[in-house]
2 protein chains.
Amino acid sequence: VRIGIVGLGLIGGSLALALRRSSEFAKSRTAIIGIDFNRASLVAAKKAGAIDEAAHPDSAPYAACDLVLLCTPTPELLKALPAIAAAMHPGALLTDVCGVKELPCALGAAQRNVVFAGAHPMAGTEQRGFSAARANLFDGACVALCPPTGISQGNTAWESAAKATVRALWATAGATRFLELDPDEHDRAVAYASHLPALTAVTLFEALEGAGATAPNARALAAGGFRDTTRLAADGTVGQAAVHNRFIPEAARALGESLIALAGQIEAGTLSNDLTPLAQRLEKLADRRRAMPLPPVKA
Amino acid sequence: VRIGIVGLGLIGGSLALALRRSSEFAKSRTAIIGIDFNRASLVAAKKAGAIDEAAHPDSAPYAACDLVLLCTPTPELLKALPAIAAAMHPGALLTDVCGVKELPCALGAAQRNVVFAGAHPMAGTEQRGFSAARANLFDGACVALCPPTGISQGNTAWESAAKATVRALWATAGATRFLELDPDEHDRAVAYASHLPALTAVTLFEALEGAGATAPNARALAAGGFRDTTRLAADGTVGQAAVHNRFIPEAARALGESLIALAGQIEAGTLSNDLTPLAQRLEKLADRRRAMPLPPVKA
């Protein structure tokens, strides 16, 4: 079995390292072909034992791969998907890690060569490149899985096989939770889970930068709260996915209106000298947020 | 020397533990009096060796303290400040850790018994109570220091002494950076560094909760990005300070407008099939955010 991983950055690189950790994967004698424009990433991945072969995207042996994983940022991924699908051998399996699912799944459905089974592992850091890749990145993660499409459409057996293969791959890489979602529902849900947080991080960082004479003092006072709240702004890739999410404009507009409404409530509470209702809202929300199960910070 | 710490939660408790670590502090033979309504916190702090004596706020020996630190959340702190100032012995030093500085410093200026030197250590976690207190919480932190007021007003020698005492206390506790700021400039700067992030965290969490049928899937997909971006919402205390910040309504309104403007830019880019300018903006911002010096995550 040969697997091609296109893009050996944080996600593709971590996936290769995570698979390599597995004794089950070793027993399967699967070869990993690393495919990247960046020669240094290929060399580093080879040296780390993450990949067996290295290839340039323009001359990669896509036709020799049973499975290809697209792990590049959203714009590159959407651009490369049709050509890679066309270069693969008929009936092979193509999958991705894109943070939006409507666009890649629509492209996958439109091609007539391979099975496309879109996925989205919910894990990442603000670091980039193979140097940031870690074998434990996906440990305990949730992976969203979209219905297989492409040439499998209507063929239940092929769809089941594609689903099982993608799921098994991520389970081998450490993921423990799987959520089967149609592309539109994935994009709706991830707008709240990931894309609104990313765009909010961007506007918070821009607000500090735009604070004029106050900006230097704001920078000096910025600590763990600012660090965490704006972390996703340091990872341009989530923001890149966010702007390709059809549901984001409406959600971002609603969030903006919420902030404006909150500003009005603070003013009203200050004027009436009664901030108690706001305090109670914050207190109850803090309780609910603490009770929400979320993955722990990894060392 | 006797120090009173009012409120043995995360901040007051960590301060007591941090001071206790210091051999210099031990040599000074300073007694720490823990003052809290919560009997369990007092017992735990005594057991941990963080405090020498425990007292209830209504019967604490304020008059016997050379220095009192107010470490309760904002509403309680503002309510208690005048009475505690009045109960201290004339000329003693009162300071605080409140996340806003205009309101406590105005209260401090209005009383005629003690010197009030407002401070704000830029450190915290989303945990609460003495059980969450850690001796290393303030290591490497920045502390904002406001001009001493109260009976020191106009007395340069008293002001210098008060400043030096508060600064030395936080340096002993591990802080390494100090920023002298007038209360209004502190509140302006902290709006961007901390209070906008806290209120944004609140609205992001409420947006997910309000996502209707999509909310369960959004919860299932929420991972490290959502965890970090909404972390401050789990700490009601930053939000409590934020709603007492005079500069927050305008800043929150502007941030809301930014999000709405960004929604429009995403729609326009999608319609014109040209998201490149947005992608470049995100990419450049990610570079600037990564280049910003921020405290590391502590173990």
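I started with where the two chains of this predicted model touch: chain A puts 85 residues into the contact, and chain B puts in 85 residues as well.

Next I looked up the area. About 8100 Å² is buried between chain A and chain B, and carbon and sulfur atoms give 67% of that.

Then I went for the charged pairs. I got 10 salt bridges across the interface of chain A and chain B. I picked one to look at: Asp228(A) pairs with Arg231(B), with 2.6 Å between the closest N and O atoms.

I also checked polar contacts, and 28 residue pairs turned up across the interface of chain A and chain B, counting pairs with both residues at pLDDT 80 or more.

Which parts of chain A face chain B? I noted strand 8 (142–145), strand 10 (177–180), helix 7 (183–209), helix 8 (215–221), helix 9 (224–229), helix 10 (236–242), helix 11 (248–271) and helix 12 (276–291), each supplying at least two residues to that side of chain A. Helix 7 of chain A gives the largest share, 19 residues.

I sorted this side of chain A by class: 49 residues are nonpolar, 17 are polar and 19 are charged.

Note on methods. Residues are numbered from 1 along each chain as its sequence is written. Chains are lettered from A and ligands numbered from 1 in the order in which they are written. This is a predicted model: local features need pLDDT of at least 70, side-chain atom pairs count only at pLDDT 80 or more; totals for chains, interfaces and linings use all residues. Side-chain values use heavy atoms; hydrogens and water are left out. Contact means heavy atoms within 4.5 Å. Buried area is the accessible area (1.4 Å probe) that two parts lose on being put together, summed over both. A salt bridge is a side-chain nitrogen of Lys or Arg within 4 Å of a carboxyl oxygen of Asp or Glu. A polar contact is a pair of N or O atoms within 3.5 Å; within protein, one must be able to donate a hydrogen and the other to accept it, and residues adjacent in sequence count only if both atoms are side-chain atoms. Helices (H or I, at least four residues) and strands (E, at least two) are DSSP runs, numbered from the N terminus. Ala, Val, Leu, Ile, Met, Phe, Trp, Tyr, Cys and Pro count as nonpolar, Asp, Glu, Lys and Arg as charged, and the others, Gly among them, as polar.
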